[in-house]
Structures are given as structure tokens and as C-alpha cells.
Amino acid sequence: MDFLNAIILLLNYTIIPALSYGSQLALGAIFVTLIYGVLRFANFATGDMMSFGTMFAVLLTFYFQSLGINFGFLPTALLTIPFAVIMMILYMLSIDKFVFSYYRIKKSPPVVLAMVSVGVMFVTQAIIRIIIGPFDRRFLDGEKFILKATEFKEMTGLNEGLTIKSTQAITIVVTVIVVSIMFWFLNKTKTGTSMRAYSDNEDLALLSGIDPKKVVLLTWVIAGILATVGGVLYGLDKSYKPFVYFNNMLPIFAAAIVGGIGNPLGAFLGGYVVAFGEILITYAYKKFFTYILPESLEPNSLMQLLSTDYKFAVSFSILVIVLLFRPSGIFKGLRL
Amino acid sequence: MKQYLNVVTAYMIMFILIILVGIFQSWSQALSILNYCLISAVMTIGANIQWGYAGLINFGIMGYTALGGLAVVLVSVAPVPEAWKAGGINMIGSLGVVVAMIVSIRYILKKIQKSKKRNYLIAGIIVIGLLLIRLLAGPGIESIEAVNPAKTGFLGGLGMPILFSWIVGAFFAGGLAYIIGKIALGLRADYLAIATLLIAEIVVSIIKHEDWLARGVKNVIGLKRPVPYEIDLQTSPWFISLVEKFNSGKLKVIDTLSERQDLLNQLVIDASSVYVKLCMAGLFLTVVIILLIVTQKALYSPWGRKMRAIRDNEEAASAMGKNVVKEHLLIFILGSAVVGLAGAMMVTNDGLFTPGSYRPMRYTFVIWVMVIVGGTGNNFGAILGGFVVWFLWVEAAPIALFLINFFTAHLPETNALKVHLIESAPYFRFLMIGTGVLLIMRYRPQGILPEKIIKQ
């Protein structure tokens, strides 16, 4: 019984939160990696682009709520995602047309493009703050929990409760759907293959008649979908605050590099590596050990490797270690 | 002389702008802007050494700035004897463990061939060392933080003069840069950018959460000053008579004695803050001028030519027998040390150390914008960039407010759009800076004052 309690404890406080947080990071990391692989620069506007897409979802959610439209027990925000994605893609394409395409045609070094993306970051932040303001906004409605701790305790008779928030389940399900469609597209369709070819070797791809404009357009479309969906899921799970989204860029970058930048599957897994690393290292295992160890061995300290203050620092340390020992990512050579 | 004309004009415009702030807002405000401009200028010199001379992207400016600030606390604050008594031995013990770990790992790296055994040994040393540190430092930290937590709760500093901490700050930042450089300098340019950004975050989060070191987010206030305090000035007769002399015209107009005394008091209070800021500005200006002379000399020395050669064509320089790795590391350390110096200057100027305020937006990206806007590879340009961008950063909100009022003048006061825009006026600074960067990158990629190569 104690053993089961211990397992449920871990599931409740580490595994389920890590899975949902990891999914949110994974979507962002694939976004970073796609831009890096196809357009060849590190996009420092990542966090703010995700925030931009989410902003439309938040505004539309409020609008829909005022109209009385809802999505039953699911959050209304899910209904607004398609519209938000369209706005996001339009924004990305116009930025590409007015800003990035010039440097791409000129074949500027990636560093210059990264600097330009810093400029885009500033502008995007300004637009977001002018439109919606810098405040914290919650836009989750519908059913909050799928499974409540008390219900679970009654059902099983265990001491530990298992809580599954609806946002966690939605995050995981939506991520699985979006990512599998994306991988199917990249690997099984002709357009997807041409995108990968362009990312592997630009000149060769051009020679074989791949239209670079189409590839760039498609990249931004996929990136727009990933950014918006990732941003909305994060916002539903926690809350929407522009500053937090900017900061999220950092673990997302860590995830993308840990997975080997330019490699979508690596980025996907990298998101979970970072999330599990953060949560497992900063979790206090005291209760867990009280369950599985005999009473005489019970620990009196918190059994915490690092305090939760260092949550972000953990993911960055993972990144530093990876950079030191496997600069091309831990999933090197892993391809679908 | 003609070739310096654009430099002189650009600086003149900047100077006039600051004077205009003095006339229209207040002299105290103008001087605070000037002080921050000077500090930003030091930071941009640091970033420019790395980016302009050597083409290294360092997005870790925030980390070095914070370390420079930490140095001020550790050097100038008076030590807290109770805290040292409570946990000093533990902390020194942990420091000893860290040193022992480093020495033994270095020894193993030197003596034992690369093998699995060596990796296991190193991993073992690290794990045992960390456990030891936890055992030693844990109780120490607890007892240190328990000593008068509202006021101290940390070990305090060495109680030395604050100007000395500027040098220490530079050394701290240089030391961190040495470690980061060893880890990350072999990476591609944009990898390096991301890695330094994240390492800086780690540094700041350590400073934020290790309360025994510098009180963390509880902030250290009331730091020493290298210049007189306002209160002392307001009571010293020479200062009052000086203010009287300066404002004799204003004072003569007033007839009654009590009113004249009130005005004089007010003038003395205003003048004392201006005087303090002027002293600070003088100190900062000295630093900027010294740095400018040194960096100019370095840039046009054989060493500077070597650095440019490495920047422009790494492979060719390497083929000519230049040690690219070593030079990169050196310049990485030098640039970071200058940024650390700026961090120490900034904390001295503010008189308080607030680890919570170190955010990448303000301390990394804005500094980079300064370097790009001003002119990469040109020290005069970098300093000008610091001035221009900081000026915009501070004055953007008033400018935006003015423009909004101007363009929405025909709308009624209660118009929703107008109210919303006026409320979001502070965020127009991001828009101005962002568009500025994009325009400069597109139409003048070399910055306002481009790099000049003098051919001898």
C-alpha cells in the first residue's frame, strides 16, 4: 500500500506536471528548431511570438465569452486557436516580408539575423503591451479538474490523492495531435520532404527545383501553428503574462539545443528532458521516502537536491553540460 | 579634422539634448540621465570590445553586471561579526572543499590518461564534494540568515572603500568570463549567444537566492558613497554660501527675510542633489575617458590589428600562426571585466543592490542595441550608442505621450482609444528601440558612426 502511495505521490507532483510542462516546452522547441533548420538563425523573438499568438486567443476568448459562446466543459480558448493561428501566421509572414527576407536574400551571416530578431523581439513586445497590457490574465473556463484528489482517495482508498487538471490533459492530448500531424507532414508528404531537403542542403535543394519561397512560407505557417498552440496551452495551464512568456524563451532554447538544434524530433524530446530535469531535481522527496523506507530510516531533511528557486537554473545547467560533452545534442543522429 | 566632424556633431547633438532636459524638466533629472548614459557607455565599451574587435556575441552582459554589483556589496559593506561567528567557519570550510575539488580534478586531468576510470573518478569527486558542501554549508547558512534577518542576515563585506570595489568587480566579471570562455568559446556564434544568455541567468539566480551572500532579493541598501551625502552638504556653511552666491539675483528680488530663508533652503536642497550627481558624473567621466584612451590605443596597436584580422578571417589568421583560441579568450575576459566595472559603477550610483532587478531585457538586449546603433568596432560610436539609446529609453514615455496627445487632439478626453493609448505610453519605448534597431540594421548596418580603419 505504501508503495502505491509513493507512486501516486510521484505521479501527482512530478510526472504529470512534468509531462504537461514538457509538452509546452516541446512545442516551443520545435518552433525554434524549425526556424533554425530552415531559415538558419536563432530566433530571439520566440517567446514573444508565442505570446503574440496567445494574446489573440485571450482577446477572442473574452469576446466569445461576451457573446455567450462556449465549448462545453472544454475551455473556450481551444475554439479560438484557429483564429489566433491565422493572425499569428499573418504577423509572422509580414515580419518575414519586411524584415527577414532582405537578409535572407543578401545571405547575411546567422549572427546578423539573430540580432535582427532581437529588434523584432522589442517591437513584438511593444505591440503586445500596447494592445493587451503587461498584466496577468487568466482565461481558463470550463471544467477545471478531470480528477480531484478527494474523489481519487475515495475511489481507491489510498492516502495520497491524484489530481489531474483538465489543462494538463488537454496539453498532452493537443501536443500529441499537433506533433504527430507535423511529423507526418514532414516525413510522409512531398512538400514536407522538400522542406527537409532544403534544411539539409540549400543549394542541392534549389538545384532539384524546390521553390525556396514555398519552403519559407510553409516554415512560417508551421511555426505559427506551433507557437500559438504552445503559447495557448501554457497560458491555460498557468496564466497569460507577457513577461513570463519572454522568460520562457530561455528553457525553450535549452530544450532545442539539448535535443540538437535543427532536429525536430530531438527538440520534441528535449522539451521533456528539460521539464523532467527541472521538476525531478527540485522536488522534495521527503514524503516519498517516508512511504518506501522503513520507519527507522525515515529522513528528517527535505531530501531536495536543489531548492525550487533554482528551477530555471537547472534547465540551463543541463544545457551547459550538454554543450560541454555533446554540443550537437543528446539525440545526435536520431532522425525519423 | 574633417574626419572627426561627424563624431563631434553627433556628440554635440547629444549634449544639447541633455541640456534641453535640464531646462525643460529639471537639472537633477538631466544629470541622472547623464550618469546612466556614462554607465551605459562603459557597458557598451565592454560589449564593443567583444563584438566589434573580435566578433564574439556575448549575451551574458546581465551576469557580469550583477557580479560587478555583488562586488560592491562584498567589498564596501561593513562585515557582520555575529554572522561570521555563527556560520563563518562553515562557509570557509565549504570554500575549502570547493578549492580542494578543483585542485584534485585538475590533478586527475593532468595525471591520468583519458579513460572511463578518469570520468568515474571526477564524477565521484564532484558528488562527494557536493555532499560535503551541503553538510557543511547547510547549518552555516541557516545560522547566518537567522542573525537579525530584517537588517543583515548575511556575512557582510570587508568594509573597504567603495572605489576599490570597482576594480574587484572587474576582476569578478573577468574570472566568470574565464570560466564561461573555457566552456563556451568553441561554439558557433549563435550557440555562444544562447549559452552566455543562459549562464548569465544561472549567475543571477544564484545571487538572487543565496541570501547569506548578499541578502538575495531582500536587497542591500544604504551602500557607501565615494561622494558627499546630501544631508551633510545641506548643513555645511561653505555650500550654503556657494548656493547663495549662485542665486543672488533670485534672492535679491524677495524682500521679507523669512521668505528669502525658505527659498534659500529649497535652493540648497535642490543644489545638493545636483552637486552629488555632478561629482558622480565626474567620476564616471574619468572612467569613460581612461577606458576610451586605452581602447583606442589598443584598437590601433598591432594587437588591435591582429584582433581585426581574426575577426574578419579566422582561418587565415590561424594559418598565419595567430592563436585564435587564446586571443578570443583574452578578449572575452577583457570585455567582460569592463562590463563588471560598469555593474559596480551602477550599484555605486544607485546606492543599493537589488538582485531582483537584473533582467535580460534591460541588461543584455538594451546594451546590445546600444552597440549596434552606435557603431560596432568604433569606440566613439559605441559610447554614443550608449548615450542615444539610454536617452531614448528614459525619454521615450514623455515623447510618446506628447505624440499621442498631438495626434488624438481632436478626440474627446474620454475616448476609449485615447485613454488606452495614454495608459500604455511607457511601452512605446520598446517600439521605438525595436524599430530603431531594425532600421539601423537595414539601412546603416555599421551603426551611426561606422568603424574606421586607419591605414598606416
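How many helices and strands are there in chain B? Chain B has 19 helices and 0 strands. Keep in mind as you look around that this is a predicted model.

**Chain B overall**

The C-alpha trace of chain B spans about 90 × 60 × 50 Å along its principal axes. Of its 456 residues, 41% count as buried. If you take the contacts in chain B between residues at least 6 apart in sequence, 83% of them join residues at least 24 apart. Chain B is divided into domain 1, covering 81-155, and domain 2, covering 359-456. Taken over C-alpha atoms, the centres of these two domains of chain B are 45 Å apart.

**Where the chains touch**

Now for the contact between the chains. Chain A puts in 35 residues and chain B puts in 32. On the chain B side, helices H6 (162-184), H7 (189-209), H16 (360-374) and H19 (428-443) each supply at least two residues. H7(B) gives the most to that side, with 12 residues. Sorted by class, the side of chain B that touches chain A has 24 nonpolar, 5 polar and 3 charged residues.

| Helix pair | Angle | Axis separation |
|---|---|---|
| H16(B) and H17(B) (residues 379-407) | about 125° | 7 Å |
| H3(A) (residues 77-106) and H9(A) (residues 212-237) | about 135° | 8 Å |

In chain B, H16(B) and H17(B) pack at an angle of about 125°, and that makes H16(B) oblique to H17(B). Their crossing is right-handed. From H16(B), the residues that meet H17(B) include Val366(B), Val369(B), Met370(B) and Gly374(B). Their partners in H17(B) include Gly381(B), Ile383(B), Leu384(B), Val388(B) and Trp393(B). By class, this contact has 11 nonpolar, 4 polar and no charged residues.

Over in chain A, the angle between H3(A) and H9(A) is about 135°, so these helices are oblique to each other. H3(A) passes H9(A) in a right-handed crossing. On H3(A), the residues involved include Ile81(A), Val85(A), Met88(A), Met92(A) and Asp96(A). They face a set in H9(A) that includes Val216(A), Trp220(A), Ile225(A), Thr228(A) and Leu236(A). This contact divides into 17 nonpolar, 2 polar and 1 charged residue.

**A few single residues**

Lys107(A) has a positive phi, near 55°, and it sits in the loop between H3 and H4 (110-132) of chain A. Is Lys107(A) buried or exposed? Lys107(A) is exposed, because it has 8 other C-beta atoms within 10 Å.

Asn219(B) also has a positive phi, near 65°. You'll find Asn219(B) in the loop between H8 (211-214) and H9 (230-235) of chain B. With 14 C-beta neighbours inside 10 Å, Asn219(B) counts as partly exposed.

Finally, there's Phe183(A), which is found in helix H6 (residues 166-188) of chain A. Phe183(A) has 16 C-beta neighbours inside 10 Å, so it counts as partly exposed. Phe183(A) and Arg40(A) are 143 residues apart in sequence. In space, C-alpha to C-alpha, Phe183(A) and Arg40(A) are 20 Å apart.

Note on methods: Residues numbered from 1 in each chain as written. Chains lettered and ligands numbered in written order. Predicted model: local features only at pLDDT ≥ 70, side-chain atom pairs only at ≥ 80, totals over all residues. Contact = placed C-beta atoms within 7 Å. Helix = DSSP H or I, 4+ residues; strand = E, 2+ residues; numbered from the N terminus. Nonpolar A, V, L, I, M, F, W, Y, C, P; charged D, E, K, R; others polar. Domains from an automatic or database assignment. Axes fitted to C-alpha atoms, helices over the stretch in contact; angles between N-to-C directions. Parallel < 35°, antiparallel > 145°, perpendicular 65-115°, else oblique. Left-handed = near helix turned anticlockwise from the far one by under 90°. Buried ≥ 20, exposed ≤ 12 C-beta atoms within 10 Å, placed from the backbone.
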